[in-house]
Amino acid sequence: DDGEWVTVEVALKDLILADYGKKNNVNVASLTQSEVRDIILGMEIAAPSQQRQQIAEIEKQARQETQLTEVTTKTVNKHGEELIVTTTSKYEQQTFSSRTDWRVRAISST
């Protein structure tokens with residue numbers, strides 16, 4: 001009857017969660033309801049320690065990307081003066097162009 005099924009369901013849930021807890025060295029009581037549901041339904045869930053490790057790797061990559069690279073460019077203007085320009089951001093390095101570039105682009109676009 002229904003009462004027996006409920007006890008079997010609870011026993012199976014406890015068995016599945018205990019197995020997951022033992023495999024991943026996790027306290028089952030600390031799992032959220034959605035994590036419990038996902039575990040019971042068989043979804044692959046990374047252990048919290050693995051999640052923390054992945055988060056740390058992503059943060060490390062983000063820090064590396066934000067480090068500045070300095071590029072120094074030397075140019076000579078039409079008066080013969082030497083200009084030294086130092087750019088640090090990627091945006092500045094991409095958009096740095098000589099003064100005459102805008103004239104060429106303007107003429108070619110009309």
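Predicted model: local features only at pLDDT ≥ 70, side-chain atom pairs only at ≥ 80, totals over all residues.
1. Start with aspartate 38. At 17% relative accessibility, aspartate 38 counts as buried. The cut-off for buried is under 20%. Aspartate 38 is also charged through a partner: a salt bridge links aspartate 38 to arginine 37, with 3.5 Å between the closest N and O atoms. Arginine 37 is partly exposed, because its relative accessibility is 47%.

2. In helix α2 (residues 33-40), the buried residues are Val36, Asp38 and Ile39. Viewed down the axis of α2, these buried residues fall within an arc of 165°, so they line one face of the helix. What do the buried residues of α2 pack against? They pack against α1. Just after α2 comes glycine 42, with a positive phi of about 90°.

3. Next, the other salt bridge. How many salt bridges does a search of the whole structure find? The count is 2. Besides the pair at aspartate 38, aspartate 19 and lysine 23 meet through their side chains, at 3.4 Å from N to O. In general, an α-helix has 3.6 residues a turn, so residues three or four places apart point the same way. Aspartate 19 is partly exposed, with a relative accessible area of 36%. Lysine 23 is exposed, with a value of 65%.

4. Helix α1 also carries much of a nonpolar patch. Trp5, Val8, Leu12, Leu15, Ile16 and Ile40 make a nonpolar surface patch of about 570 Å². Which helix gives the most to the patch? Helix α1 (residues 2-24) does, with 5 residues. Leucine 12 is one of the patch residues and is found in helix α1. Leucine 12 counts as partly exposed, because its relative accessibility is 46%. Membership of a patch needs over 30% relative accessible area, and leucine 12 at 46% is an example.

5. Check the loop between α1 and α2. Asparagine 25 has its place there. Its phi is near 55°, a positive value in a residue other than glycine. As a rule, most residues other than glycine have a negative phi. Is asparagine 25 buried or exposed? Asparagine 25 is exposed, with a relative accessible area of 72%.

6. Now the strands. Strand β1 (residues 71-76) and strand β2 (residues 82-87) run antiparallel and are joined by 6 bridges. Valine 71 stands opposite threonine 87 in β2. Lysine 74 stands opposite isoleucine 84, also in β2. The hairpin has 5 residues between the strands, and in it glycine 80 takes a positive phi near 85°. In a regular strand, side chains alternate between the two faces of the sheet.

7. The lead-in to β1 deserves a look. Threonine 69 has its place in the loop between α3 (48-66) and β1. Threonine 69 counts as partly exposed, at 49% relative accessibility. How far apart in space are threonine 69 and threonine 87? Their C-alpha atoms are 8.2 Å apart, while 18 residues separate the two in sequence. Threonine 87 is the β2 residue that stands opposite valine 71.

8. Last, the chain as a whole. The secondary structure comes to 5 helices and 2 strands. Along the sequence, the pattern reads α-α-α-β-β-α-α. Of the 110 residues, 9% count as buried. The accessible surface comes to about 9,700 Å², and 53% of that belongs to carbon and sulfur atoms. Among contacts with a separation of 6 or more, 14% are between residues 24 or more positions apart.

Technical notes:
Residues numbered from 1 in each chain as written. Heavy atoms only, no water. Patch = residues over 30% accessible without salt bridge, like charges linked within 9 Å, V, L, I, M, F, W, Y side chains within 5 Å. Areas by Shrake-Rupley, 256 points an atom, 1.4 Å probe, with all protein chains shown as cover. Salt bridge = Lys/Arg side-chain N within 4 Å of Asp/Glu carboxyl O. Helix = DSSP H or I, 4+ residues; strand = E, 2+ residues; numbered from the N terminus. Buried < 20%, exposed > 50% of the residue type's maximum accessible area, 1.4 Å probe, protein only. Contact = heavy atoms within 4.5 Å. Arc of directions from axis to C-beta. Pairing = 2+ DSSP bridges.
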